Structures are given as structure tokens and as C-alpha cells.
Amino acid sequence: MSTYAYYPGCSLHGTAKEYDRSARLVCQALGLELREVEDWNCCGASSAHMVSRWLALSLPARNLQLVEKMGLETMTVPCAACYARLKDVSCELKDPEVRDKIGRVLGGQVTGRVTVEPLVGTLTTQEILDKAAGMIKKPLAGLKVATYYGCLLTRPPKVAQFDVPENPQSMDRLLRVLGSEVVEWYFKTECCGASLPVARTDIVLDLSRKLLTAAKKAGAEAIVTACPMCHSNLDSRQGEIRGRYGDDFKMPIFFFTELLGLALGYPARELLIANHLTDALSLLQGRGLA
Amino acid sequence: MPRIGVFVCHCGTNIAATVDCGGVAEAARGFPGVVHATDFTYLCAEAGQRKIQDAIAEHRLNRVVVASCSPRMHEPTFRKAVAQAGLNPYLMEMANIREHCSWVHADRQVATAKATEIIRMVVAKVARNEPLTAKQVGLTKKLLVIGGGIAGIQAALDVANAGHQVTLVERTPTIGGKMAMLDKTFPTLDCSACILTPRMVELSQHPNIELRTYAEVLSVKGFVGNFEVEILQKARKVNHLTCTGCGTCWQKCPEKNVPSEFDVGMGRRTAIYIPFPQAVPNKPVIDTANCRYVRHLAAKERGEKLMECRVCEKLCPTKSIDWEQKDEIIVDRFGAIIVANGYDTFDHSVYGEYGYGKYPDVITGLQLERLMNASGPTKGEVVRPSDGKHPHSVVFLACVGSRDDKVGRPYCSKICCMYTAKHALMLKEHDPNIQTYVFYIDIRAAGRGYEEFVRRVQEEYGSTYIRGRVSWIYPQDGKLMIKGEDTLLGRPVEVEADLVVLATGITAAKGAVDLMQTIGISYDTYGFINEMHPKLRPVETNTDGVYLAGCASGPKDIPDSVSQASAAAVKVCGLFSQDYLTTDPMTSVVDQMKCVGCFLCEEVCPFRAVERETLRGGKVVARINESVCKGCGLCVAACRGEALNLKGFTDQQLLAQVTALLRA
């Protein structure tokens, strides 16, 4: 059994509880031990890097320091925004000057030896795919999905070092293994507007509507994502979009771990899929998946 | 016994303002071997030179030290002056008390002391100078031109017209290069082929030019005036001596589906082919990778059955198909080489945001040239590769593979702004209903009539120029959506297009680095040749006798390439105007008694001047080819056994300098 430090981030303790729940369940099923980082703090995403470079580096660095103290080598991060910050600082820590300065800020050295990977990377290695394939209890029965990675998972490519920057494939491969039909579309890494939900809701509505339109046009019955920000925007804004533009998408938005959990036989209730703001259960029930 | 004269120059006030020149001369009189020392306002002036010459006679001087500026300025002047006075020119040394002293110091006392010490060192050195004599070697007055694009063609014609023999080697089956692929040229919109093909024909018929197409340079040995070159003549499987170029074979060849290199994949060609109708030579080659008969033979060997074809052989009226023809290696001697190996366009498949090169209606500028060309695959009709329909909205993206660190191409490709403007104009001429959009970073239109041309495209031809890079292209409903930023308005923009044209930048030609290494010339990280001097010696390489022209040294447009070609030709003619070449005697020399034959020197020599010589006892030792050696001294530093020495800078001379300084 491999052990990972698990950094849930604020979303998975709040708006994306179902992501947290499903992630823990599928990891357990697949033999990955997740140990939540003890006393973890905010990764600094969304605001710290706008304010201070050293704050933006030190916040995630403290989390890496905690993992080092736990004696673990690898940290897996479900949230794309957290991943971006943590991966960024793990790259910056290669510079001894930066390392020393952050060490001074934190009041203790951080080596930066911890490998940071996104949960979607951890769960889509060939080894895991093979393992999952053998454990499927409920194949997804041709559920037509659009995989949506969002803007942060693969960018900037030099830092993120994850998948093909403009046309990532990890989730596609996983969902095909689970028996899903993955539709061809071009918006896999487009922005949903996640950094502007409060200040410029109009932009979020416009961008999210474009994504939903494109997914629908591509024939998707649902969108699958690996980011709580994307999920929150796409899942919670459909009512407002209907109000403003008249489009009634009724498009269920899943975390990839939820669909993985379903395929591995967990009931939708246990995966907290009922928490979604846009109804996802009807689709699943119609396919005998919930 | 050395009788040394020291001459201290004031250089007006350049030296005299910070150095007490009279005092320095006075001090120099006390240095070992110095029998005469004096100072003067301008030693480089005629009066100054005469002063030195007179002193040589009067004081019977056999060594001279001129304390003045850098030897890079006036060493030839003073060498000539002492030679006229009957002294071997290499018995004169310069002490640099200007750049190394007066110009960089303010304190007169300290500067004077430093100048004195510099001269003390040079006096110690010159006492150990030996007379050196330049050697003369003969030369082969024949030029090798590598590359048959417009630069190579121009250079070959210029040198041939000056009466010298020229061999032009071209890798593809025809000369003409990229220029032959173009429809029109900016900013005058001359038909490219119309101005190029007469040159191609002139070249092929020139009595002084030997044309070798479908050939490559395999190896280059030797040195300026005496290069020995191996050329690989690839088998064409067609006897070009008997072939009349009637065209029956390529019209009847049943293998018609080979993507045409000349049409950049926009069209198809046959297996036996000429790249385009005006190709020179106008005789075909057989592309053995795609020929049905060659494939049949290969299958037969494997014990499989495949239809035999040989249609070309059956139909050829002159029986010119020669299946037995093999690759051939030709060895020839040349006195000079012009490298004009051209360029390739950037491969845009690394741009994921533009579809990784997979969208059929996202094409390159060069592909559009072929679509617009009357002799191109669509007979000049511009249509979408995906469905053959006429485009109405065409979007151009500048700087694809240029000015982009992300893809390792930070440099500007220089021609794209202009060719994109030309394309926008030409499309409008083809079909006035076409709307064009150009996404650009900056417009770089430096050149005669260039800026005016771009303005015309915007104002008269109504092309919409949007300043900003495109972030994303994606297909939607049979069209392409282009998302970018208008950085002038600070706003995202989206444009719908039927056809997208990428202005792909210039990269070094495929195999350029291998070629540079074969020839032994230096190149930069991108595979472009480094000039000897970027401003003052722009068509010379760091290897004597090897010149460059065109995009071999970086992005250039046609007029620049042609100018460089003619410049390189003049350099060659200058070289060929001599019957002998004089070599610099300050070269390395091997003490073969000390040499152990480790050949570290051979490894470090950037000029391939180290040769191997077997002594009578069978011992293999190094020998320096003095015609090739540049006297850089790398081998001397590398030699572990002190077997190597640099004439004019021997260990003894340099040690004497250091000792003189330490004893002071």
C-alpha cells in the first residue's frame, strides 16, 4: 500500500465535500493510503500571489514543510488551484536563495524534497488504471461525458508538468476504462472564470455558459472535472445562466472521483452526489447507476 | 646580443595626459638590452615611423618596442615600418599603454608606473623574439557552392561570370530553393518564378558551372585554397545524359499519391517526378521510397508478391531509366566554399493551442503560397484543404515560432510581417469578398517600400490588423474560432475564420548543424552560422576560405540574401585573384622529440590544423599544418609534455615577461 500526504485545501472541507468524500473512498478502495497533512493551512491561491511574492511562496511552503515532518515523500492534491500553488513553490524551492529565505520566514528549514502531484495524476497512472479496470462493479454504460480539466492543472506547462498542456488525456483514459464514452471537444483547458465569481459574476456566467454550450453541442450528458472551482462555477451557475441567457442546460457536473466511486460500486448517497446544486441523480438513476 | 630600441608614443593627449611619456622613455633606457629609448607625439604618423627607421640605422637596433595603442590598431603599420628599415617584422613588439593603461586610469603617477612595467615586460619578451617568415602556398581556383536557392545561385553566377570554375551542390532534385515556391515577392509583387527561373536556366547553361542536384557534401578536408571535398551524388535511377525531359514518365507513373515536398503537402506528385514544371534540371528522379517497382523488388526479396510496374521504363523513348544506378561519391578540390544552405520554416505542431498541427484548415504561409500559385496544386485557386470550399474569412497569425521563448525561438524571423501583408493583399486580389484579419505583436517593416506596403494592405485592402497574440484556435460548426487579445483595446476578441494562416518563422535548415560540423565552421544555438564579425565581416565564417550567404546565418529576405551572395562572391574573387596565399607565421610548432602522440591537441584544435605523422621509428606524432593553424594557442595549453609552442608567443618569451614583472 502506498501512502500519500493528502492536502484537501479549503474547498474540500466546504463547498466540495463530495469531492473529499469520493476521493477518500476510491483511494482506499484502490489501495492508496491518504494521510491528511496535520495542521495544514491555506495554500494562498486566489489572493496571496497578488499581494506578496513571499507570502504566496511561504503559505504553501509551510504545508510542504509539514509533509516533510510527517516523513512522507509524495503529496497528492485534489484541488487544481492548491496544486498550482504547491507545485509552484516546490519548483521555486530548487533555488537555494529562495529556500533559505522561506526557511527564515517559516522559522525552520524546508528542503522541498516532497513531490507534489494532482490527485487526478495519482489516480490515472497505468498501474491504477489497470487495477481499477479489474475492480469495476458498475460500468458507466456509455455515459457520454466531456472531460474538463480547467485552466490550472496543466499551466504553466513548465511548472505544472502534468499531461499534455492543451489537450490533456488523463481523465479521458480513466473514464474510458470505467465504460464511459468521452466526447471530443475543444474546451478542456478553457477558463471558467473561477477567479472572478464575486467581482465580475457577468464574466463567470459568460465563460461558464460557453463551456456548457460547447459540451452540450459535443453531445455530452455530463461534464467531469478535477477542480472544485470549476465544479462550483459550472454546477452552481446554471440557474443564473438560465435567468440571464435563457439556456436551460440541466447539465450534471461530476468530480472524476465520483464517477470512479460509482463504477467501483459505491452508492451515490455515500458519495454525497445529492449535494450537487444541478441535479445529477436523475441522470444516474436513468442509467441504473444510482 | 639584442640591441633594443623603445619608442613611447603620446598619441596626442590620449596617452600623454595620464602617462609621463618622457619619464617612461627615460626609465626604459635602464632595461636590459635597451640601447635607445625616446618618445614622440604620433608614432603612427609618417614622421613617427621615420623616427623609428632612422633610429634602427643610427643605433644598429635589432629589436624594436613600440609603446602605444593596441596591436589590433597599428601592428601592421609598425611591422611594415621596421621591415622597410631592413628588420624582420616579427622582431617588433607593441606595448599597449593606451587601452591597457592611460585610457583606464586617472592617476598620472600610478599610470606612469604601470606603463613602465608594461614596457619592461615587452622588452624582456622582444629580446627573445626570433625572425619569422611567412610561407606561400598555391591554391585551386574553383568554388564550391552548397545550396541551390537564390543565394547559392547568385553567388555561383557571380563567381562564374568572373571567369572561375564553380560547382554547385543541391540536396533536392532541383535548384530554386524556397524562392521557387513563392507566388509573388514583397513589396513589388513581382512574380517570383518569373524573376528566378531565368537565373536558374542561366546557371545550368553556364560553361563555368558544374551543377550537381540530388547531391550532398559528405566531408571537407584541407584548408583555404586547398579544400578536398567528398560529394555524394544520390542515385536518380534516370540517366540524365540521355533523358530529354519529355515528361512521359511522370505523366504516366501510376503512383500519383506521394505528398509533394515542393507543394508543402498541399498537392501530390508521382514517384518519378520533377518537383515543379520549371525545375532545373528539367529531368526527373525516381523517389525509391515510393516507386512501385523498387517496392516490388523489396517484396520479392522478402518472399512476398507485389505487382511489378516499370511503366516509366516501358514508355521512356530514350531508354533512360537505369535501375542499376547507384549512389556515387565524387572527390574534388576547391579553393573556397560558399555555404548557402538556406532555411526551413518552423514546425508549428508544437503549438497545442493552435491544434498541434492537426486542423486541416490551419495552414502555413508557405502552404498558402502554393495554393495561390498558378502552377500550384489548385492552379492558383485558394480553397480550404478540408472541403475545397472558398474561404471568406481568413485569419493570419504572425510570429508563430518567432519571438517566442516558450518554443525556444526568441528571435524575430524578419520576413513574416511582410509576407503576411503580401498574403492579405493577394487574397483580396484573388477574391474581393474575402475579409482578412492579421494578429500581430509588432509590425516590423524596415526596408525600402515595406512600411508603405503594409499601410496599403491595411488602408486600401481593408485588412483588419489586431495587435495581440492568439491564445487558442478551435473548430466549431465547420469553421475555426480564433480567440485572442486585442492589446490595444485591452479586451479579448474572438474571430470566426474559414481558413487560418500561420506565419511560421525561419529556422535553420534541416541538417544544418551536421553540415557546419562537416565543414568545420561555428554556428549558434539555433544552427545558424556565426559570421567572422557581425558587422565588418558578415559573409566570412571563422574558417578561412569558407563564406556564407542567405539564411544560413539567420533570417533574411530575398534582397538581403542576394546582396550577401554577391558579397561572398567578391570575397571569393579576391581570394582567387592571388596565385599564392601567404600564411601567418605565428603558428604552433611541434617539438617531435617531446611529442608522445596523445593528440589532445587534435581534440582541442578548432581549425583541424593538427595532422598525424609517423616517424621512422614508427612513433606517431603531431604535426601542425601551418596553412590551417590560426595561432590561437589552444593546443599549446593542452599539451602535457610541453611539446607544442606558439611562434611569436613561446613559453620562453612569456616566462621572460612574467619574470621581468616579478623582478621589478
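The legends below describe close-up views of a predicted model. Local features need pLDDT of at least 70 and side-chain atom pairs count only at pLDDT 80 or more, while totals for chains, interfaces and linings use all residues. Residues are numbered from 1 along each chain as its sequence is written, and chains are lettered from A and ligands numbered from 1 in the order in which they are written.

**View 1. A parallel open sheet in chain B.** In chain B, 4 strands make up an open sheet with the order β2-β1-β3-β4, paired in parallel. Strands are DSSP runs of E with at least two residues and helices are runs of H or I with at least four, numbered from the N terminus; two strands pair if DSSP finds at least two bridges between them. β2 (34-40) and β4 (92-96) of chain B are the edge strands, each pairing on one side only. From one strand to the next, the twist averages 15 degrees. Helix α1 (residues 21-28) of chain B packs on the sheet and touches β1 (4-9) and β2 of chain B. The direction of this helix makes about 175 degrees with that of β2(B); axes are lines fitted to C-alpha atoms, for helices over the stretch in contact, with angles from 0 to 180 degrees between N-to-C directions. Contact requires C-beta atoms, placed from the backbone, within 7 Å.

**View 2. Pairing of β3 and β4 in chain B.** Strand β3 (residues 63-68) of chain B pairs with β4(B) in the parallel sense over 5 bridges. B:Val64 has B:Met92 in β4(B) as its bridge partner.

**View 3. Helix α10 of chain B.** Helix α10 (residues 365-372) of chain B is largely enclosed by the rest of the structure, because 8 of its 8 residues are buried. A residue is buried if 20 or more other C-beta atoms lie within 10 Å of its own, exposed if 12 or fewer, and partly exposed in between. The buried residues of α10(B) pack against β19 (343-345), β20 (362-364), α11 (416-430) and β27 (499-504) of chain B.

**View 4. Surroundings of B:Thr378.** B:Thr378 lies in the loop between α10 and β21 (393-400) of chain B. This residue counts as partly exposed because it has 17 C-beta neighbours inside 10 Å. Leaving out residues up to four places away in sequence, B:Thr378 touches B:Leu371 and B:Val383. The C-alpha atoms of B:Thr378 and B:Gly267 are separated by 7.9 Å, with the two residues 111 residues apart along the chain.

Methods. Two residues are in contact if their C-beta atoms, placed from the backbone, lie within 7 Å.
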